[in-house]
Amino acid sequence: MMHPDRLQQALATAVNHLLSLCSPEGHWEGHLSSSALATATAISALSLAAMPEDRERTAAGLDWLCRTQNEDGGWGDTPDSPSNLSTTLLTLSALHLSHAQSDRQSAYERAEAYVTHRAGATPGERVAAIRKTYGADRTFAVPILMNCALAGLVPWSEVPDLPFEMAALPRSLYPVLRLQVVSYALPALIAVGLTVHHHKGSGRSRRFLRSAVTPGVLRTLERIQPESGGYLEATPLTAFVTMGLVGALGPEHPVLSRCLHFLRTSLREDGSWPIDTHLATWVTSGAVNALEQARPVLPEDGPAQDAAAALVVSRQWLAGQQRGTVHPYTGAAAGGWGWSYLSGSVPDADDTSGAVLALAGTANSKGIAEGARWLMDLQNADGGWPTFCRGWGQLPFDMSCADITAHALRALHAVDPLGQDQRLATCMRRGLSYLVRTQRADGSWVPLWSGSQRTADHSNPVLATSRVLMALAELGPGGEQAQRGLKYLLAAQSEEGGWGAEAGVPVTVEETALAVSALAQWPQAAPEALSRGIEQLVARVEEGSWTNAAPIGLYFASLWYSEALYPVMWTVEALARASRSLATGAG
């Protein structure tokens, strides 16, 4: 059994580090990993805009790409990711469009060899490989192929069509149209669809229709563009819009001028671009929830006071990020939270759940109630919660998922722990039923927006199972489902005491922290496993390796990312929950 002083010291170290990362305004911004894919698409967009002021930016981006090229000649989504076909093809396109093949011949030839090995040497083989990668979902496949076609790597005849004319229809019809793009991809549907139509043409009747609706859908593209210029604050999405339309509309067009401004201001000092600007609201709610767990078990004369003071300011900041109007991008009602305070952020279930949990029990009863109603209105017919829009269920990133459902259930329970609100109680019963139905045969659940580069199917069952177990512990006994989930989590623990995404996968701080937080909610189920997990985390804090972030995040279109705050705030929460659990057991 670990000595309490050792656990306390590790917790105090972690809390002090987390507090040191808080901004004077009371929020955290974190740091998303740089992205080869985002960097390549930004270079392509700036190269096609052909503005003299961007030459140094594209050169810096190309230098960064060459420095981070993997030994096999390809690129992954992050510098810590294995190579993949999509990112490498986009980088080849950037080298072509920036006319850098000769200046960076070695990098170009190695990338060509990688793509040939993975997909084949002919354009047709490469198109087929990309389409196979994404299946029926054209959200990312068509923009990639458009980028390749603009670079002359594949013929336009091989690029699938996108029905951009659908954007002229009322938003209420989108869920029943069975579109082959997800709900958040409306800018790509419009811009990429228009570009492919321009280069490929259409049949006579469709050409007439498309000509008639083009001015209207371009106005829609302008209407949903945020003040920052970056759609969803995302470099790849904004870059695809830019590279698709800049040839026809010119860089001075209002939409494209704002897109270019966003791309320029998103460039990092090292020459790279991230996939998104930051996740400030998301990591702030996570930090607040972690500090709230830690505050009661910290020494009163130091970290506890600092944590309490930070919580007051951070909660005020979080309350101010709640949307007070209908969002123009997805049509989301007022009352939700997005992942960032920036204008391109969109309200979603996970961020709203995190904010409601962080604010629960405060004086902001009106905002909390509005957030709870927003969540209840978003619940799908299957009882689970999707990310952005209710009723979109054709493609994976629009469907209900276990980890977001568990988070929503925790938030709703925090709002009404006694179950006095009938509608809320009904929503929770339906949500629990969804979790029962989606538990896998081995006792695990799988997440949607997180994964692992180390598992065969890139899923991360330890992460999702930990989050569901947290919800089941807070909502009630959990029954058979909880026991099966605990059994899975225990079987996935490594000999050293930590966790990776599943059994036999290398351990990360993130997954170990989440598993410890879950087991601390069930201390009598596996005290030895909990003790070994705590030992693993404390040892990582003591040796200084606990802040090493792993690429476990999955962004739009399954792009990998790491976030510097994940291991920090999750370790704080895990050590705090463990300390409270051990103190309760000792009492």
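The crossing of helices H2 and H3 is left-handed, a term used when the near helix is turned anticlockwise from the far one by less than a right angle, with clockwise giving right-handed. Before I go further, this is a predicted model, in which local features need pLDDT of at least 70 and side-chain atom pairs count only at pLDDT 80 or more, while totals for chains, interfaces and linings use all residues. Residues are numbered from 1 along each chain as its sequence is written, and side-chain values use heavy atoms, with hydrogens and water left out.

Helix H2 covers residues 36-49 and helix H3 residues 55-67, and the two pack at an angle of about 150 degrees with their axes 10 Å apart. The helices, at least four residues of H or I, and the strands, at least two of E, are DSSP runs numbered from the N terminus, and the axes are lines fitted to C-alpha atoms, for helices over the stretch in contact, with angles running from 0 to 180 degrees between N-to-C directions. H2 and H3 are therefore roughly antiparallel to each other, given that angles over 145 degrees count as roughly antiparallel, under 35 as roughly parallel, 65 to 115 as roughly perpendicular and the rest as oblique. On the H2 side, Ala 36, Thr 39, Ala 40, Ile 43, Leu 46 and Ser 47 meet Arg 57, Thr 58, Gly 61, Leu 62, Trp 64 and Leu 65 of H3, where contact means heavy atoms within 4.5 Å. By class, that contact of H2 with H3 has seven nonpolar, four polar and one charged residues; here Ala, Val, Leu, Ile, Met, Phe, Trp, Tyr, Cys and Pro count as nonpolar, Asp, Glu, Lys and Arg as charged, and the others, Gly among them, as polar.

Next come H4, residues 85-97, and H5, residues 105-119, which pack at about 140 degrees with their axes 10 Å apart, and that angle makes H4 oblique to H5. The crossing of H4 and H5 is left-handed. Residues making the contact include Leu 85, Leu 89 and Leu 92 of H4, and Tyr 108, Ala 111 and Val 115 of H5, and the residues of the contact divide into nine nonpolar, two polar and two charged.

Turning to aromatic rings, those of Phe, Tyr and Trp (its six-membered ring) pair if their centres lie within 6.5 Å, and planes under 30 degrees apart count as stacked, over 60 as edge-to-face and the rest as tilted. By this rule the count comes to eight aromatic pairs. The ring centres of Tyr 134 and Phe 140 are 5.8 Å apart and their planes stand at 80 degrees, so the pair is edge-to-face. Both Tyr 134 and Phe 140 are buried, meaning under 20% relative accessible area, with exposed over 50% and partly exposed in between (1.4 Å probe, protein chains only). For Tyr 566 and Trp 570 the centres are 4.6 Å apart and the planes at 15 degrees, so that pair is stacked. Tyr 566 and Trp 570 are four residues apart in helix H22 (residues 565-586), and are thus separated by about one helical turn.

Finally, Ser 562 lies in the loop between strand E4 (559-561) and H22, and at 9% relative accessibility Ser 562 counts as buried. Not counting residues up to four places away in sequence, Ser 562 touches, among others, His 31, Thr 78 and Pro 551.
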